[in-house]
Amino acid sequence: MPAVRDFAITARLAFVTATVMFALIVVGSIVRTTGSGLACPDWPLCHGRLIPPLQFNILIEWFHRLLALVVGLGLLSTAAWTWAHPATRARLGGLAISSIALYLSQALLGALTVWKLLDPNVVSGHLAVGLLLFATLLTLGLRARRAARAPEPAQARPAGLLPLFAIATAAIWAQAVLGGMVSTNHASLACPDWPTCNGRWLPELTGLVGLQMAHRFGAYLLVALLGWVALRAGSAPDAATRNLGRVLFLLVLAQGAIGVANVLLGIPVWVSALHLGNAALMLALSLIGTFRLAAMSAGERARASAQGHAQRMVAR
C-alpha cells in the first residue's frame, strides 16, 4: 500500500537524521571541552571562508557546523516528505513542524553562542534544545514506523509503568541539561574529589560548588529512579520493555562511573564526550520505552472499542 511505504520512508529519514543529531550532540561536547567554541569567530562562515584554515580547534568547530547543516538537510527532507503525502501529513505533520521550529531555534542559539562569546546561558540553552530536537526526531520516526507495520497484539500493561517511563525520560533530559550547565559555567572541577567535595560531605551549596553538587544530587536521584523503573519494568508483558528497563539501569550506573572518572581525571575530552553521549543514549532508550508502553495502551483501547462495537451489533 502506498501509505505504508510513505510511513516507512518517513521513519527511515527521521531515524537517519536523529542518528546524525546524536553525533552532533557528542561533537558539541568536544567543542566545549576543547575550548573550540570561538575557533570560528564569525557565522555562518569560518574566518570568512567556507573551508577554514586547517587547524585542530578550527576544524572541530567547523565539523560541528557541518554536522548541523547535514541535520538541517535531513530534517528538511523528512518534513518535506511528510507533508507531501496526505496520510503522513495527517498523522505526523505536527511533529514535522515542531522539529523544524526546534531546528531553527537551535541554529539561532548556535549563532548567538558565537555572537555572545560563549555566554553560559546561551550554550546551555543550545544543548537543551538540541536534546529536545533529538527526542522529537526519534518520536517522529517511532510513530512513522508503527504506522508502517501491521498492528501488534494488544498486551496488558502494568498500572503506572507508562508515567514512570515518561518521568524517567524527562528526568534524564533535565539531568543532561544540568550537566551542560556545569560544563558551560566551568563548574566541573569545583569539587575535584568524590564522593566528598573539597574534602567535605556537605559543602556550602553556593556558587559553582552548589551547581556541581546539584548535578551530583540529581545523579543520585536518577540512579534511584531508573532502579525503580527496572524493577517495575520486570512485570511488563513484553521482553523488549523488560530489557529496556534493565539496560537503562545499567547505563545510569555506567553514567555515574563516567562522571566520577571525569572529575578524578580532570575532565578529559573523550571521557566528557562519552558522558554526554551515554546520556543521549539513555534519553533515546527511555523515550522508546515510553512509546512502546503508550502504544500498548492505544492497542487495548482499540480492542475494547472493537469488542464493544461487536457487542452492540449483536444486541441489535
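Tutor: Cys46 is buried, with a relative accessible area of 2%. The model is predicted, and all values here are computed from it. Cys46 is joined to Cys40 by a disulfide, with an S to S distance of 1.9 Å. Cys40 also counts as buried, at 0% relative accessibility. The torsion about the S-S bond of Cys40 and Cys46 is about -70°, so this disulfide is left-handed.

A search of the whole structure gives two disulfides. Besides the link between Cys40 and Cys46, Cys191 and Cys197 form a disulfide, their sulfur atoms 1.9 Å apart. The link of Cys191 and Cys197 is left-handed, with -65° about the S-S bond. Cys191 and Cys197 are both buried. Counting bonded cysteines along the chain, the pattern is 1-2, 3-4.

The charged pairs come next. Side chains of opposite charge can pair when their charged atoms come close. The count of salt bridges comes to three.

One of them pairs Asp6 with Arg5, where the closest N and O atoms are 2.9 Å apart. Asp6 counts as buried at 7% relative accessibility, whereas Arg5 is partly exposed, with a relative accessible area of 46%.

Another salt bridge is formed by Arg65 and Glu61, with 3.1 Å between the closest N and O atoms. Arg65 and Glu61 are four residues apart in helix H2 (residues 56-84), so about one helical turn separates them. Arg65 is buried, with a relative accessible area of 14%, and Glu61 counts as buried at 6% relative accessibility.

Asp238 forms a salt bridge with Arg292, the closest N and O atoms lying 2.5 Å apart. Asp238 is in the loop between helix H6 (207-233) and helix H7 (239-264), while Arg292 is in helix H8 (residues 269-315), so the pair ties together parts that are 54 residues apart in sequence. Asp238 counts as buried at 7% relative accessibility; Arg292 is partly exposed, with a relative accessible area of 23%.

Ser286 counts as buried, at 0% relative accessibility. With its neighbours within four places in sequence left aside, Ser286 is in contact with Phe165, Ala168, Thr169, Ile172 and Leu248.

Conventions:
Residues numbered from 1 in each chain as written. Predicted model: local features only at pLDDT ≥ 70, side-chain atom pairs only at ≥ 80, totals over all residues. Heavy atoms only, no water. Salt bridge = Lys/Arg side-chain N within 4 Å of Asp/Glu carboxyl O. Buried < 20%, exposed > 50% of the residue type's maximum accessible area, 1.4 Å probe, protein only. Helix = DSSP H or I, 4+ residues; strand = E, 2+ residues; numbered from the N terminus. Contact = heavy atoms within 4.5 Å. Disulfide = S-S within 2.5 Å.
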